[in-house]
Amino acid sequence: MRTRPGPPASPSLFRMLEWHEHIEAERQLPGARVFLSDYNGGHPYVEKYLGELADTAPHRLADITRYAGLDEDLALRSKIAAMHERYDRVACSERNVVPAGGSSSALGTFATWLAVNGHRRVHYVAPVYYKLAYLLREFGIEPVPVASGHAYQPDFDLSLPRERTVLVLTDPVWYAGRRVPVHVLDEIAAWQRATDSLVFVDGTFQYLPWDGKQGEASARLPIERTLRMVCPTKYLSIHGYRCAHLLAPAALRQELADLHLNLHGDVAVSDRLFAHRAADLMARHGNGDLVGHIRGNHARLLASGALAARMPVETGFFLFARPRVPHRWFLALDERYFELGGHPGYVRINLLNRTALEALAATVADRGASGPPQGAAASEAAAGEGVPPAPHPG
């Protein structure tokens with residue numbers, strides 16, 4: 001007797017997306033467990049970074065009777081290009097910049113561009129941010145992995161296709177605070193030139209290096225065949241504003257800009273003002289004080305003794321670590337959420353989320369407790385207050 005074949009296996013990227021959808025449902029329940037991997041955080045430099053935006057109404061700073069068109073703002077696009085020329089030391093002009101109202105809208109534009117241009121398959125290096133996985137699933141675009149493991153791992157095995165295609169790459173590997181190694185990017189660049197393939201770099205968490213050195217290695221991929229997404233709301237950690245941009249080949253810029261505008265419309269005046277402020281701030285001062293604050297929180301968490309193991313971290317505000325207590329006490333993103341294996345008990349920890357850090361410290365402060373800590377029950381002392389932050393070049 002013949003048996004009918006079962007349904008095709010769901011791509012691992014889409015299984016990862018299902019895990020994210022489950023945790024999103026629990027995260028929003030009243031009384032949910034403390035979310036160690038929270039998307040939100042805070043820091044003491046918000047007013048400094050905002051400048052006059054912190055205490056001046058938008059209508060005092062701009063004409064709010066007009067649409068706040070980002071793409072037609074040549075001064076903004078020029079500022080963004082100048083910022084990247086300074087940090088990355090590569091040629092960039094306003095003809096390479098597509099401003100956007102946040103990473104999500106930029107990802108939506110990219111996924112729509114894939115669909116309208118007939119791309120039914122893309123290749124990718126894991127991990128991929130779950131929102132892009134969602135868009136690929138909804139557009140019916142097949143994601144095909146080209147490597148086992150993640151780029152920072154010593155056994156990373158990259159096997160790029162010989163065909164011309166689109167490759168999606170996330171740099172840094174945000175959940176672990178690890179950059180994609182230069183030799184991996186060099187291999188991808190050589191492959192791009194050989195196959196004329198397009199690479200999309202999700203650089204949402206770029207420009208937060210712990211060593212204070214300027215520049216992102218992925219900026220040196222062939223600019224005529226690379227799209228790179230950058231997010232000022234992340235590198236300033238002020239998420240209430242919606243601000244991102246694509247760095248695109250000049251030949252694709254207008255097509256992407258037109259598509260983005262027709263999909264999403266213009267942004268609020270406040271977001272346009274923030275985009276200017278972010279570019280000015282990075283050009284003049286940088287975000288070194290924020291990175292120093294992240295490093296200080298990391299040092300205090302280690303000093304608390306709340307972690308049994310951790311990965312080294314070199315950028316961003318997330319840490320991948322194993323708490324001393326079972327992580328089921330908390331709501332957290334573990335290895336399943338990143339298409340990762342071999343790290344049981346490790347979870348992503350937001351180093352800017354005070355509630356998460358206090359909850360972890362409380363597991364050490366109250367070793368005799370029979371159950372998990374509730375909310376932000378840990379004291380400042382338990383969180384390691386007073387431990388000096390690690391030095392960071394401004």
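This is a predicted model: local features need pLDDT of at least 70, side-chain atom pairs count only at pLDDT 80 or more; totals for chains, interfaces and linings use all residues.
In strand 11, Leu307 has Pro323 as its bridge partner. Strand 10 and strand 11, the latter spanning residues 318-323, pair in the antiparallel sense over three bridges.

These two strands are part of an open sheet of three strands, ordered 10-11-12 and paired in antiparallel fashion. Strand 10 (307-310) and strand 12 (347-350) form the edges, each pairing on one side only. On average, neighbouring strands of this sheet are turned by 50° against each other, direction being ignored.

A helix accompanies the sheet. Helix 11, comprising residues 288-304, lies across strand 10, strand 11 and strand 12. Relative to strand 10, helix 11 runs at about 130°. Leu301 may be considered next. Setting aside residues up to four places away in sequence, Leu301 touches Ala306, Leu307, Leu319, Ile349, Leu351, Leu357 and Leu360.

Is Ala283 buried, partly exposed or exposed? Its relative accessibility is 38%, and Ala283 therefore counts as partly exposed, since that class lies between the limits of 20% for buried and 50% for exposed. In sequence, Ala283 and Ala82 are 201 residues apart, yet their C-alpha atoms are 7.9 Å apart in space.

A further element of the fold is a pair of helices. The axes of helix 5 (residues 103-116) and helix 6 (residues 130-139) come within 10 Å and cross at roughly 30°. Angles under 35 degrees count as roughly parallel, and helix 5 and helix 6 are therefore roughly parallel to each other. The crossing in which helix 5 passes helix 6 is right-handed. On the side of helix 5, the contact is made by Ser104, Leu107, Gly108, Phe110, Ala111, Thr112, Leu114 and Ala115. Helix 6 contributes Lys131, Leu132, Leu135, Leu136 and Phe139 to this contact.

Key:
Residues are numbered from 1 along each chain as its sequence is written. Side-chain values use heavy atoms; hydrogens and water are left out. Contact means heavy atoms within 4.5 Å. Buried means under 20% relative accessible area, exposed over 50%, partly exposed in between (1.4 Å probe, protein chains only). Two strands pair if DSSP finds at least two bridges between them. Helices (H or I, at least four residues) and strands (E, at least two) are DSSP runs, numbered from the N terminus. Axes are lines fitted to C-alpha atoms, for helices over the stretch in contact, and angles run from 0 to 180 degrees between N-to-C directions. Angles under 35 degrees count as roughly parallel, over 145 as roughly antiparallel, 65 to 115 as roughly perpendicular and the rest as oblique. A crossing is left-handed if the near helix is turned anticlockwise from the far one by less than a right angle, and right-handed if clockwise.
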